[in-house]
Structure formats: structure tokens, C-alpha cells
Amino acid sequence: MSAVLRIVNRVLLGIIGLLLILIGGSVLAVGLGLNPPSWWIHDGQHDVLLSGAERTRWRDDGWWWPTVIAVLAVLLLLALWWLTAELRRRRLAEVLVDTGDGEGALLRGRALEGVLAGDASQLDGVARAHAELTGRRSTPEARVRLLLEPHVDPGEALNHLTTQALAHARDSAGLKSLPAEVRLRAVKHRAERVT
């Protein structure tokens, strides 16, 4: 979902920004005395944005107000969806660790992410590792990105990650399970020459 949200953000912000720059720049240019083209909606500096005739053109039509209200409601719902998606915390701030005595302890999510990334980066053939915790604090999930050296077998690197780094993070936090989404990428390198 985050990739979709990222694309929607970029497209919406680009379109809105372009429209605001074009409209604002053209209104500013006309307001400063530049003569607008004949097709432009305003004639000069003292022209109003909406005339009385334009404001009341469709007032008596039965379809006008329901259409305006429906369009504004859809725009409001889209804006609220966008706002809640932006304000929602993506990273897990803390993990609830069961101490065994009926109480619980809170472990900082960044600390567990750092340990997981550190363990993963020490694996053979891993150039760089990044870990992020998502989900709920009682049932966290990990997103791990590994940058692999060219000589490493991806299956072997994934096996070492699950049996060593993820198992260590799961056991140290006292979690029953730690589901993970792992993305593997290879380091860009030049082709080797064979002589």
C-alpha cells in the first residue's frame, strides 16, 4: 500500500502544484497590467472572478446542487483518506515484550530495528541491511532490505537471515513469531573480464 500511496502523493501534488502555479501566475500577470489573450476568462485588472450571472446561472436547475454537493463530498472523502494515510504511523514505536510475570516491558522499535539491521549486515555477502518494524506492538512484523554482493546466492542469504538475524531478534524480544517481508537487491558492479 505504501507504494500506491507514494505514487498517488506524487501525482496529486504535481497536478495541484502545476494548476496553482498556472492559475496564480496568470492572475498575477493580469493583475500587474499584462493584457490577457482573447480566450482568457478575465478581461483586465478590475474584472471579478465570478460575475453575478456566472454565480446564478444554474441555480434554478434541479441537477445543479446535488451534483455540486456530490462532487464536493467525494473531494472531501479523498482529502480525508489522503490526510489519514499521511498521518498514520508507518513504523512501530515500541514492541511489547512478555516478561512472564503477567506484566510486560516496552522495547523501543528503533532499538530492535537497529539490532536486526546490524545482525543482517554482518551476514556473509551482505553489503548493507535496513530493517523496519510495522504492525501492532504485540505482534510486530519486519520489513528487511538487503543489498547483496554479486557472488552471494540469494537463497542462501535469505536462509541465513531467517535462521540467524530474524531468529535472534524474535528470541531476544520474546516474541512467538516475527513475520518478515524481505527484499533483496544486488550491488551494481562491472562485468568481470574473462581472459
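## Ground rules

A residue is called buried under 20% relative accessible area, exposed over 50%, and partly exposed in between (1.4 Å probe, protein chains only). The model here is predicted: local features need pLDDT of at least 70 and side-chain atom pairs count only at pLDDT 80 or more, while totals for chains, interfaces and linings use all residues. Numbering runs from 1 along each chain as its sequence is written, and side-chain values use heavy atoms, with hydrogens and water left out.

Let's start with Ile-7, which sits in helix H1 (residues 2-31); helices are DSSP runs (H or I) of at least four residues, strands (E) of at least two, numbered from the N terminus. Ile-7 has a relative accessible area of 54%, so it counts as exposed.

Patch residues have over 30% relative accessible area and no salt bridge, with nonpolar side chains (Val, Leu, Ile, Met, Phe, Trp, Tyr) joined within 5 Å and like charges within 9 Å. A salt bridge puts a side-chain nitrogen of Lys or Arg within 4 Å of a carboxyl oxygen of Asp or Glu. Areas come from the Shrake-Rupley method with a 1.4 Å probe, and for residues only the protein chains shown count as cover.

## A positive patch

Positive charge gathers on the surface too, in a patch whose members include Arg-6, Arg-88, Arg-128 and Lys-188. Lys and Arg count as positive, Asp and Glu as negative, and His and the chain ends are not counted; each charge is placed at NZ of Lys, CZ of Arg, CG of Asp or CD of Glu. Arg-128 belongs to strand E3 (residues 126-135) and is exposed, at 53% relative accessibility.
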